[in-house]
Amino acid sequence: MIPNLRTMKRPSTRRTFLATLAAGAAAAPAALSGVRPGTAPPPLPHPGSPRDESYWELVRAQFAFHEERVPMNAANLCPSPRAVAARVEELTRDIDRDCSFNNRAKFRDLTEASRGAVAAQLGVSADEIALVRNTSEANNTINNGVPLRAGDEVVIWDQNHPTNNVAWEVRAARFGIVVKRVSVPPRPTTIEALIDPFAAALTDRTRVLSLTHVSNVSGIRLPVRELCEVAQRRGIHVHMDGAQSWGALDVDLRGLGCDSYAASAHKWFMGPKEAGLLYVREDRIGEIWPNIVAPGWGSDADPDVRGARKFESLGQRDDACLAAVGTGAEFHAAIGAAEVEARVRRLATVLKEGMAELEMTPVTPMDPDLSGGVCIGEVPGDRRAALDGLYEEHGIAGAGTGGLRLCPHVYNTMAHVERAVEGMRALREVILG
């Protein structure tokens with residue numbers, strides 16, 4: 001039974017919390033006071049400027065959410081910067097004013113600009129990037145498109161998203177392939193502890209190793225480069241679900257060495273909704289079949305569709321959304337991928353340290369080399385009550401995936417993280433049971 005959080009005795013109530021927040025906002029820098037609707041947020045400083053807390057307050061000001069309800073669940077859905085939302089709105093209005101072929105012709109170049117910006121961010125060529133609708137679609141394109149025969153093996157991580165493990169089981173049921181699920185230690189302390197279980201599972205029959213860069217249920221970050229080296233010595237295709245790494249980590253796909261990579265724009269990339277990417281290494285594109293063939297594909301079974309674009313033949317698309325993907329890439333470039341990762345690491349570390357001080361058993365490794373921005377602590381008590389309490393009484397929106405999951409991003413300030421820790425402290429009895 002969930003206790004009545006409004007009547008529980010705790011250091012602060014919703015009323016005092018909101019009063020304190022209002023007073024704090026009045027005294028905070030202009031960036032945190034909120035930007036009135038219809039006005040532009042203050043510009044970000046020069047890229048070479050110090051990344052002190054005042055800089056990150058200006059980053060926070062690029063987002064429209066209110067201080068009373070702070071998002072801290074980037075693993076599921078992120079707010080978009082004002083510039084991205086404005087771009088989607090502007091171009092949607094443009095289409096609604098004139099939906100002719102003549103007017104919409106410009107979106108071909110705008111989509112290509114988005115593709116080029118994303119490719120540059122990830123260190124690959126534009127011809128290796130397909131702009132699809134989300135990670136799930138991209139995962140399933142690989143799942144259904146990689147050529148396999150009955151008896152071939154696919155090795156997966158048991159912490160994969162369902163679109164990267166259950167989908168393989170469905171294909172196995174249809175076509176007789178063999179799926180092998182691999183577990184890793186629940187509290188890994190070394191990279192080798194994450195490599196060895198997968199290396200031991202590979203055989204001469206293994207054709208695919210399908211993994212998740214950072215787990216959404218534990219926060220564990222796999223050593224992708226090392227796993228790719230192990231698998232590719234055997235000629236095994238390595239597919240990577242990057243839903244929790246694109247936009248959070250400084251991802252260099254050439255350096256990682258995977259054969260394909262899937263991600264969504266609505267998570268850590270902070271881009272428009274219902275957009276994502278599928279990267280396929282150039283020498284692998286030809287052997288992988290698309291899931292959908294729609295206008296734009298061509299009239300032959302094997303047309304010249306210019307590389308990975310064949311995976312985005314999906315029928316009518318939201319042209320404004322695709323164009324705004326480029327705006328999202330520009331936002332990341334203005335901060336810098338390495339700076340984004342460093343900030344996410346810093347916020348996550350403070351959050352995990354706060355959980356540890358409250359004697360919450362960590363699910364996510366403390367070592368930033370073994371984790372990303374996903375932070376999860378065990379909740380022996382009432383998880384739903386803890387989540388509701390954080391949201392209703394302390395204004396922090398998290399999730400209950402794998403425990404109490406909080407995923408801070410660049411739009412979060414250090415004050416937000418400290419508020420989350422204080423909220424967990426006030427709810428300690430509920431969390432720990």
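Residues are numbered from 1 along each chain as its sequence is written, and side-chain values use heavy atoms, with hydrogens and water left out. Because the model is predicted, local features need pLDDT of at least 70 and side-chain atom pairs count only at pLDDT 80 or more, while totals for chains, interfaces and linings use all residues.

Let's start inside. A nonpolar core here is a set of buried Ala, Val, Leu, Ile, Met, Phe, Trp, Tyr and Cys residues joined through side-chain atoms within 4.5 Å; buried means under 20% relative accessible area, exposed over 50%, and partly exposed in between (1.4 Å probe, protein chains only). The largest such core has 93 residues, and F198, Y261 and M424 have the most contacts inside it. Helix α13 gives this core its largest share, seven residues. Helices (H or I, at least four residues) and strands (E, at least two) are DSSP runs, numbered from the N terminus. Take M424 as a guide: not counting residues up to four places away in sequence, M424 touches L351, M355, L358, M360, L390, L404, L406 and I431, where contact means heavy atoms within 4.5 Å. There is also a second, separate core of 20 residues, with V132, I177, V179 and V280 among them.

Next, look at V208 in strand β5, which spans residues 206-212. V208 counts as buried because its relative accessibility is 0%. Leaving aside neighbours within four places in sequence, its contacts are V146, L148, E153, V154, V155, W168, I236 and H237. The C-alpha atom of R93, 115 residues from V208 along the chain, is 44 Å from that of V208.

Now for the open space. A pocket is an open set of points on a 1 Å grid over the protein atoms alone, with protein on both sides within 12 Å along at least five of seven lines; a cavity is a set where a 1.4 Å probe fits but cannot get out, and lining residues have an atom within 4 Å of a point. Points are joined across faces, edges and corners, and a volume is the space filled by probe spheres set on them. The largest pocket has a volume of about 870 Å³. Its lining has 25 residues, of which R108, P295, G296, R317 and D319 lie nearest the centre. Helix α5 gives the most to this lining, with five residues, and α4 (101-104) and α12 (319-335) each supply at least two. By class, the lining divides into nine nonpolar, five polar and 11 charged residues; Ala, Val, Leu, Ile, Met, Phe, Trp, Tyr, Cys and Pro count as nonpolar, Asp, Glu, Lys and Arg as charged, and the others, Gly among them, as polar.

Helices α5 (106-122) and α13 (337-357) each supply at least two residues of its lining, which includes Q121, W246, H332 and V340.

Finally, the cysteines. The structure holds zero disulfides, a disulfide being a pair of cysteine sulfur atoms within 2.5 Å. C321 is in none, as the nearest cysteine sulfur, that of C78, is 15 Å away. C375 is buried at 0% relative accessible area, and its sulfur is too far for a bond because the closest cysteine sulfur, in C407, is 6.5 Å away.
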